[in-house]
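Visitor: I would like to go through this model with you. Could we start with the loops and then move on to other topics?

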Amino acid sequence: MTTSSRRQWFILGSLAAIFILPLAASWTMYALQPFEKPGGLEHGQLLTPVEQVPVAGLKTLDGEPVDTDFFQGKWTLLHHVPAAENQVGCDTECRSLMDTLRRVRLAQDEGMRSVQRVLLEPAGTSRPADFDQGLQVLESTQWPLAKGAVYLVDRQGYLVLRYDAGFDPQGLLDDLERLLRLAGEG
């Protein structure tokens, strides 16, 4: 083999290494997925299949049925106080949760106008006059949601994420910020 022939093989081998090694490395990393995070980026539990919030049976505090488009056009932080276990409505723990949801909404800065907080309570529940004024309270007799959980409802009225009791508010804040940013609202 002549020197010229060795040089040509060296150049051909170098070019092959430059183009083939990155492909082989990326394929190996994809196949082994050493950096895969379990689940998605969300902190709450992604609800699949998504279901539309059933507004039938919901009433305002005046006893009027809720409009079918009540959950349309805004992101909603939704919490439900079950009737069977709490006849007094929103207790101290519930009020603390409502304050947390208020803070999460306020932390959205300009995006807070696209977010509403809704509390579902059993019909006929009494509450003090100075109860959270920015909170929308609806009455419900039957509601198929998990106890103590907070739900994130999208702008079309679909339940998309659930945060079980004792959730980390920072996770909800991060998820809501990401959703508002992706929707061009935050």
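This is a predicted model: local features need pLDDT of at least 70, side-chain atom pairs count only at pLDDT 80 or more; totals for chains, interfaces and linings use all residues.

Visitor: Is D109 buried or exposed?

Guide: D109 is exposed, because its relative accessibility is 55% and the cut-off for exposed is over 50%.

Visitor: And what is phi of D109 near?

Guide: Phi of D109 is near 55°, a positive value in a residue other than glycine. For context, most residues other than glycine have a negative phi.

Visitor: Which other residue is in the loop between helix 2 and strand 3?

Guide: S114 is also placed in that loop. S114 is buried, with a relative accessible area of 14%.

Visitor: What is S114 in contact with?

Guide: Leaving aside neighbours within four places in sequence, S114 is in contact with K74, W75, L180 and E185. Of these, L180 is one of the buried residues of helix 3.

Visitor: Let us turn to helix 3, then. What span should its 14 residues have?

Guide: Helix 3 covers residues 169-182, and at 1.5 Å a residue it should span 20 Å.

Visitor: Which residues of helix 3 are buried?

Guide: They are G171, L172, L173, D175, L176 and L180.

Visitor: What covers them?

Guide: The cover includes strand 2 (75-80), helix 2 and strand 3, together with strand 5 (150-153) and strand 6 (158-163).

Visitor: What follows helix 3?

Guide: Helix 3 is followed by G184, whose phi is positive, near 75°.

Visitor: A change of topic: how many aromatic pairs does the structure hold?

Guide: The structure holds 2 aromatic pairs. In one of them, the rings of F70 and F71 have their centres 4.9 Å apart and their planes at 85°, so this pair is edge-to-face. Both F70 and F71 are buried. In the pair of Y163 and F167, the ring centres are 5.6 Å apart and the planes are at 50°, so the pair is tilted.

Visitor: Are Y163 and F167 buried or exposed?

Guide: Y163 is buried, at a relative accessible area of 2%. F167 is buried as well, at 17%.

Visitor: Where is the cis peptide bond?

Guide: The bond from T48 to P49 is cis, with omega near -10°. In general, most peptide bonds are trans. P49 is found in strand 1 (residues 45-52).

Visitor: What does strand 1 give to the second largest pocket?

Guide: Strand 1 gives the most to the lining of that pocket, with 7 residues. Strand 1 and strand 6 each supply at least two residues of the lining.

Visitor: How much space lies in that pocket, and which residues are the closest to its centre?

Guide: About 210 Å³ of space lies in the second largest pocket. Of the 14 residues that line it, L47, E51, P144, L145 and L159 are the closest to the centre. By class, the lining has 9 nonpolar, 3 polar and 2 charged residues.

Terms used:
Residues are numbered from 1 along each chain as its sequence is written. Side-chain values use heavy atoms; hydrogens and water are left out. Rings of Phe, Tyr and Trp (its six-membered ring) pair if their centres lie within 6.5 Å; planes under 30 degrees apart count as stacked, over 60 as edge-to-face and the rest as tilted. Buried means under 20% relative accessible area, exposed over 50%, partly exposed in between (1.4 Å probe, protein chains only). Helices (H or I, at least four residues) and strands (E, at least two) are DSSP runs, numbered from the N terminus. The expected span of a helix is 1.5 Å times one less than its number of residues. Contact means heavy atoms within 4.5 Å. On a 1 Å grid over the protein atoms alone, a cavity is a set of points where a 1.4 Å probe fits but cannot get out, and a pocket is an open set with protein on both sides within 12 Å along at least five of seven lines; lining residues have an atom within 4 Å of a point. Grid points are joined across faces, edges and corners, and a volume is the space filled by probe spheres set on the points. Ala, Val, Leu, Ile, Met, Phe, Trp, Tyr, Cys and Pro count as nonpolar, Asp, Glu, Lys and Arg as charged, and the others, Gly among them, as polar.
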